[in-house]
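User: I have a model open and would like to walk through it. Can you take my questions as they come?

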Amino acid sequence: MNFNEALNYIISKQSLGIMPGLNRILKLLERMGNPQNDLKIIHIAGTNGKGTVAATIANALIQNGYKIGLFSSPWVVDYREQIQINNAFISENEFAEYVEQYKDNDCSEFEFLTAVMYKYFSDKKVDYAVVECGMGGLEDATNVEKSNLAVITSVALDHTAFLGNTLEEIAYQKAGIIKENGICVLYPNPASEHVFEKVCKERDAKLIQVGNAGSWAQNNLGTAEAVLKLILGEVNASVVNLPARKERIGRILLDGGHNADAAKYLAYSLSDEIAVIGMMADKDIDAYLSIVAPKCKKIIATTPNNSRAVSVEKLKVIAEQYCSDVVAVSNPIEAVKQKDITLVCGSFFLAREIRSYLLKSKGLS
């Protein structure tokens with residue numbers, strides 16, 4: 001099995017959809033020798049900021065001489081970017097070998113990818129595995145280790161069909177990664193911190209609450225530094241800038257955030273934008289657009305190449321409630337070719353599709 005065959009095989013498992021529960025991955029991990037139990041794991045859950053906090057922690061530890069595995073999703077540049085050691089993607093050959101060896105399983109795509117990650121990090125004997133949850137925490141495929149250093153970033157309404165309809169319900173799912181007698185570092189979440197306090201008390205875990213520094217970026221940095229302090233002592237870290245997180249490509253701002261809190265964070269940077277927007281149908285589209293669309297003088301609604309994407313017609317109707325000039329261009333590349341585009345947002349799937357085109361068109365790749 002070569003890399004392309006392995007990639008096609010694991011991606012084909014997307015057809016299974018999201019399947020909460022840990023039985024399938026635990027069975028596969030047992031076949032692998034339970035590699036997750038060999039690792040020191042920094043486990044990160046939250047609605048927004050997980051990727052940034054994870055990368056910031058990983059980068060600081062690498063700079064201090066540690067061998068660090070980083071697992072994060074979704075991918076934007078390359079599928080293999082989800083599994084890295086010291087900022088190097090898992091090789092195509094190694095990825096193919098793991099998929100070939102363990103392909104006979106009933107796991108979802110994310111479950112299989114997670115298991116490969118744990119096995120790879122164990123085989124390579126990383127000093128720490130920095131692991132970002134895919135969705136939630138309690139029943140997320142990553143939540144299979146016996147001990148960890150748990151980290152909770154900003155908690156907001158998202159994935160409500162799976163995690164619950166209130167902040168308290170969602171926070172409880174995120175708190176599922178907190179282990180008995182463990183440690184939990186908590187980003188400022190005043191509306192849900194009582195949930196984490198209760199869970200930590202029930203599990204005899206130590207709760208470290210990060211003080212509110214006044215902005216999302218500063219709070220993400222403060223959360224990462226609180227984790228690093230436990231490992232390194234005093235440290236001055238710097239936030240890692242990730243693809244499609246308020247990324248500037250020429251005059252275009254590219255952002256994959258897709259919920260109301262992400263929209264609020266993005267909106268601070270917006271004014272009179274000409275925007276290409278595409279979203280997934282299972283997101284709170286109205287909540288997102290009610291914040292972003294009023295900052296746009298024109299919106300080109302589009303449809304990312306994903307079965308979960310909302311139709312361009314439906315997105316246009318919702319956007320027209322908040323912006324007087326909305327047109328529909330179903331193909332994302334054609335949409336971004338429209339005149340004077342300054343913003344592309346609403347989905348990491350859209351960002352993934354458009355980013356490489358933007359870099360090539362700007363002569364940056």
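Analyst: One term before we start: two strands pair if DSSP finds at least two bridges between them. With that in hand, an open sheet of six strands has the order 9-10-14-11-12-13, and its pairing is mixed. The model is a predicted one.

User: Which strands stand at the edges of that sheet?

Analyst: Strand 9 (247–249) and strand 13 (326–328) do. Each has a single partner strand, so one side of each is left without a neighbour in the sheet.

User: And what does the twist average from one strand to the next?

Analyst: The average is 20°.

User: In what sense do strand 11 and strand 14 pair, parallel or antiparallel?

Analyst: Parallel, over three bridges; strand 11 covers residues 273–277 and strand 14 covers residues 343–345. Within that pair, Ile277 stands opposite Cys345 of strand 14.

User: Which strands does helix 11 lie across?

Analyst: Helix 11 (residues 285–292) lies across strand 11, strand 12 (296–301) and strand 14. The helix runs at about 160° to strand 14.

User: I keep clicking on Thr153. Where is it?

Analyst: Thr153 sits in the loop between strand 6 and helix 6 (160–163).

User: Is Thr153 buried or exposed?

Analyst: Buried: the relative accessible area of Thr153 is 0%, and the cut-off for buried is under 20%.

User: What does Thr153 touch?

Analyst: Leaving aside residues up to four places away in sequence, Thr153 touches Ile44, Ala45, Gly46, Thr47, Asn48, Gly49, Lys50, Val53, Tyr187 and Asn189. With Asn48 there is a polar pair: a polar atom of the Thr153 side chain lies 2.9 Å from the backbone oxygen of Asn48.

User: What about phi at Asp204?

Analyst: Phi of Asp204 is positive, about 50°, although the residue is not a glycine. For background, most residues other than glycine have a negative phi. Asp204 lies in the loop between helix 8 and strand 8 and is exposed, with a relative accessible area of 56%.

User: And what is phi of Asp340 near?

Analyst: Phi of Asp340 is near 60°, again a positive value in a residue other than glycine. Asp340 is in the loop between helix 13 (332–336) and strand 14. Asp340 is partly exposed, at 41% relative accessible area.

User: Back out to the whole protein chain. How many helices and strands does it have?

Analyst: The protein chain has 14 helices and 14 strands. Its radius of gyration is 20 Å, close to the 21 Å that the globule rule gives for 365 residues, so the chain is as compact as a globular protein of that length. Along its principal axes, the C-alpha trace spans about 55 × 50 × 35 Å.

User: How much of the chain counts as buried?

Analyst: Of the 365 residues, 55% count as buried. The chain exposes about 15,700 Å², and carbon and sulfur atoms supply 46% of that area.

User: Last one: what share of the contacts comes from residues 24 or more positions apart?

Analyst: Among contacts with a separation of 6 or more in the protein chain, such residues account for 73%.

Terms used
Residues are numbered from 1 along each chain as its sequence is written. This is a predicted model: local features need pLDDT of at least 70, side-chain atom pairs count only at pLDDT 80 or more; totals for chains, interfaces and linings use all residues. Side-chain values use heavy atoms; hydrogens and water are left out. Helices (H or I, at least four residues) and strands (E, at least two) are DSSP runs, numbered from the N terminus. Buried means under 20% relative accessible area, exposed over 50%, partly exposed in between (1.4 Å probe, protein chains only). A polar contact is a pair of N or O atoms within 3.5 Å; within protein, one must be able to donate a hydrogen and the other to accept it, and residues adjacent in sequence count only if both atoms are side-chain atoms. Contact means heavy atoms within 4.5 Å. The radius of gyration is taken over C-alpha atoms; the globule rule is 2.2 Å times the number of residues to the power 0.38. Accessible areas come from the Shrake-Rupley method with a 1.4 Å probe; for residues, only the protein chains shown count as cover. Axes are lines fitted to C-alpha atoms, for helices over the stretch in contact, and angles run from 0 to 180 degrees between N-to-C directions.
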